[in-house]
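User: I am new to this structure and would like to go through a few of its side chains. Please show it to me before we start.

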Amino acid sequence: MTGNLPAAESTSPPPAKIEHPVKESDLTKVVLTAEAVNRLGIVTTTVEKRGLMRTRLFGGEITLPALNASANSNSQSVYTILPSLAPAELVRLAQSQIDADGQVEQAKVQVQAAQIALNRTEQMRRDKVGTERSVDDARIQLGLAEANLKTAYERRDLLGPALLDVNNRSTFWVRVPVYVDDVSGLNTTAQARVGGLKDSPENVSRPAVPVAAPPSANPAAATVDLFYAVKNSDTSLRPGQRVGVSIPLRSDDENLVVPWSAIVHDVSGGSWIYQVLETNRYMRRRVQVLRVVDDQAAITGDIMAGIEVVTSGVAELYGTEFGVGK
């Protein structure tokens with residue numbers, strides 16, 4: 001019976017009351033004089049709808065290049081795919097590199113000696129004082145010496161570049177372990193960006209070029225390794241350093257794109273652009289930043305392609321709106 005009775009009308013006041021409600025878009029319109037536009041350096045462009053490369057941030061590690069600096073080297077080192085070595089292990093590795101360098105020099109001397117012996121025996125044969133068998137023996141010794149030299153080079157290459165030259169390297173490699181199921185979605189042949197571990201547009205990054213490296217993987221972590229070469233002209237990178245690597249994704253999606261300079265942030269972290277309504281008349285519009293690639297930003301919000309937005313003088317315009325501008 002209780003459920004069929006009409007509900008008693010409430011006489012209590014509402015919990016909240018909004019006086020003079022105004023839409024967000026009606027709050028932010030700025031009108032400037034032509035002189036003010038010139039003084040603020042206002043420059044505009046149109047919003048485009050196009051593809052903007054999508055990237056995904058992975059953790060990477062700075063390593064030595066796998067290829068040895070030796071001019072005679074054609075093989076690759078396994079050193080860079082090993083985990084970071086302890087100081088004592090690095091000392092032993094450096095000693096092994098010195099021993100391998102010595103074996104290469106010894107093998108070179110043996111080749112030179114074998115070549116001299118072969119030349120001598122061939123001259124003796126032409127002078128009718130030597131035998132054909134002596135020439136054959138000398139050729140065999142030369143072949144063995146050359147084989148030993150090749151083996152010495154390959155052993156040296158396996159130990160990687162000299163550790164004592166690491167501080168002067170202008171180029172490093174970056175090893176990026178990637179989960180095996182994520183590899184197919186990455187554009188592994190495109191240039192990546194190496195920067196900090198935090199994916200922020202303010203972080204300084206540098207280009208990294210994919211390189212061919214010894215295939216390597218970690219079965220325990222179900223990852224495979226991607227390798228990139230990165231310049232170290234400012235010597236800020238060090239072997240073993242952790243870095244963030246932004247690798248392009250395979251995607252044909254299109255987004256609304258504006259220059260990154262068109263975005264201004266408020267004190268609450270909100271992102272805004274200034275749309276040009278008409279000559280010298282601007283309206284602040286809220287947008288959401290999807291991603292930033294170089295100096296371009298993919299955005300979404302209550303906007304459309306083709307509208308005109310401010311790209312230079314945005315901060316000055318924002319300051320003018322709130323009374324702190326020029």
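**Side chains in a predicted model**

Analyst: Glu 122 is found in helix α2, which covers residues 87-126. The model is a predicted one.

User: Is Glu 122 buried or exposed?

Analyst: The relative accessible area of Glu 122 is 17%. Buried means under 20%, so Glu 122 counts as buried.

User: Leaving aside neighbours within four places in sequence, which residues is Glu 122 in contact with?

Analyst: Contact requires heavy atoms within 4.5 Å. With neighbours within four places in sequence left aside, the contacts of Glu 122 are Val 135 and Arg 139.

User: How many aromatic pairs are there?

Analyst: Ring centres must lie within 6.5 Å to pair. By this rule the count is two.

User: What kind of aromatic pair do Trp 173 and Phe 227 form?

Analyst: Their centres are 5.9 Å apart, with 55 degrees between the planes. Planes under 30 degrees apart would be stacked and over 60 edge-to-face. The pair of Trp 173 and Phe 227 is therefore tilted.

User: Which strands hold Trp 173 and Phe 227, and how many residues apart are they?

Analyst: The pair links distant parts of the chain. Trp 173 is in strand β5 and Phe 227 in strand β9, and they are 54 residues apart.

User: Is Phe 322 buried, partly exposed or exposed?

Analyst: Phe 322 forms a tilted pair with Tyr 318, with ring centres 4.8 Å apart. Tyr 318 is buried at 19% relative accessible area. Phe 322 has 47% relative accessibility, so Phe 322 counts as partly exposed.

Notes. Residues numbered from 1 in each chain as written. Predicted model: local features only at pLDDT ≥ 70, side-chain atom pairs only at ≥ 80, totals over all residues. Heavy atoms only, no water. Phe/Tyr/Trp six-rings, centres within 6.5 Å; stacked < 30°, edge-to-face > 60°. Helix = DSSP H or I, 4+ residues; strand = E, 2+ residues; numbered from the N terminus. Buried < 20%, exposed > 50% of the residue type's maximum accessible area, 1.4 Å probe, protein only.
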